[in-house]
Amino acid sequence: MNLHEYQAKELLKRYNVPTQEGIAVETVEDAIKAYEQTATATNTKFVVMKAQIHAGGRGKGTMREVPEQHGVKVVKSAEEAGTVAKNILGNTLVTIQTGEAGKVVSKLLIAQDMYYDGPSDRKEFYLSILLDRAKKQNVIMYSTEGGMDIEEVAHHTPEKIHKEWIAPGMSLQAFQARNIAFNLGLSGDAFKNMVKFVTNLYNAYVGLDCSMLEINPLFKSADDKIIAVDCKMNIDDNAMMRHKDIEALRDTSEEDPTEVEAGAFNLNYVKLDGNVGCMVNGAGLAMATMDMIKLAGGEPANFLDVGGTANAQTVEAGFRIIMKDPNVKAILINIFGGIVRCDRVAAGVIEAYNNLGNINIPIIVRLQGTNAEVAKELIVNSGLKVQSAILLSEAASLVQAAIK
């Protein structure tokens, strides 16, 4: 589950990780009030306003309705704060990570400006923690070249990206935290503060069950404080049972509506750009089914895993979700009857078909495993416009004919 910047920063405070202070707002009026409050608290007229979306590249991104307006802006007056808030709130921000579709901004973070004091001995670093699947270890990636161009740094000068791996079951060791501070070129109080910061940040990564935690920029102030100016945080969905308070922070408006609906029925759904809808039990079989669709000349329109306990309700929910995609020209249901019997799935398909009424696109059902022959007989005798197959090659032929 992705979190907004302002939410992630509040969670980091639980672990004594210093962050840039800010106030999240949803209206222009509240943005002006937050500007005045922040300017007074920091004793400066400079305040930064940040669009809150689940995507990076906000500083370089532009508002579709106001192209000259970026997603991050430093303002110097309450009047300017109101103008920027009006340009951003309710409008679509397009960044390198959102693609052309962009994301609608419903929240702004009004935060203290870390750079108002003019040129000084301050620096921007990059630091992230994630799982290195190849090594099967958590890894801390960091660089002296923090800021908006970190992707270019990684691409053109990968030697500037350092890594520190943490063995499974181990905490971040003191010498590793010192290595990070040393490689970032720090000394004195800045060195000590970085060691403490990295240690606390890693504790937050583990304690919150993060799958990714990125700080960019990681800021060293003129007085050698180490502060998280921005934060991207992703929580492992499989650990959400341990974090009911974090689960309440979920912003479904940032997610695909069909994926949200699928989640309500415990369906694993990912929308794709093809023309053949898929409904399969098991992730591996779903991947193989998508390969088969490609070989037959089609393109998968989605990944949909109904799991090992498919019934009439889940099948019907799957149908409804797939049919919301106007690009779907055919639906392929590919079920292996192991835990769930094929005849039970067939009965679910028939019931769902009758409940949904007239379905004007071809439906191919391939059932293999327990009671597969019985299931085929049920579908054939149902009188519905559903084509049945047992062999994978049969299903492929039917898909090819359907999309043509």
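Predicted model: local features only at pLDDT ≥ 70, side-chain atom pairs only at ≥ 80, totals over all residues.
Student: Let's start with the second largest pocket: which residues are closest to its centre?
Tutor: Good place to begin! This pocket has a volume of about 740 Å³. It is lined by 19 residues, and the elements giving two or more of them are α8 (257-264) and β15 (268-271). Closest to the centre are D237, R250, E255, E259 and G263.

Student: How many residues of that pocket's lining are charged?
Tutor: The lining can be split by residue class. Seven of its residues are nonpolar and six are polar. The charged ones number six.

Student: Now the open sheet of three strands: which strands stand at its edges, and why is one side of each without a neighbour?
Tutor: The strand order is β4-β6-β7, and the pairing is antiparallel. A strand at the edge has a single partner, so one side of it is left without a neighbour in the sheet. The edge strands are β4 (62-63) and β7 (103-104).

Student: Which residue in β7 stands opposite T92?
Tutor: Happy to trace that one. Strand β6 (residues 92-94) runs antiparallel to β7, and two bridges join them. Opposite T92 stands V104.

Student: Is A375 buried or exposed?
Tutor: A375 sits in helix α12 (residues 372-380). Buried means under 20% relative accessible area. A375 has 0% relative accessibility, so it counts as buried.

Student: And how far apart in space are A375 and C342?
Tutor: Leaving out residues up to four places away in sequence, A375 touches C342, D343, A346 and L367. A375 and C342 are 33 residues apart in sequence. In space, C-alpha to C-alpha, they are apart by 5.6 Å.

Notes: Residues numbered from 1 in each chain as written. Heavy atoms only, no water. 1 Å grid on protein atoms, 1.4 Å probe; cavity = no way out; pocket = protein on both sides within 12 Å on 5 of 7 lines; lining within 4 Å. Points joined across faces, edges and corners; volume = space filled by probe spheres on them. Helix = DSSP H or I, 4+ residues; strand = E, 2+ residues; numbered from the N terminus. Nonpolar A, V, L, I, M, F, W, Y, C, P; charged D, E, K, R; others polar. Pairing = 2+ DSSP bridges. Buried < 20%, exposed > 50% of the residue type's maximum accessible area, 1.4 Å probe, protein only. Contact = heavy atoms within 4.5 Å.
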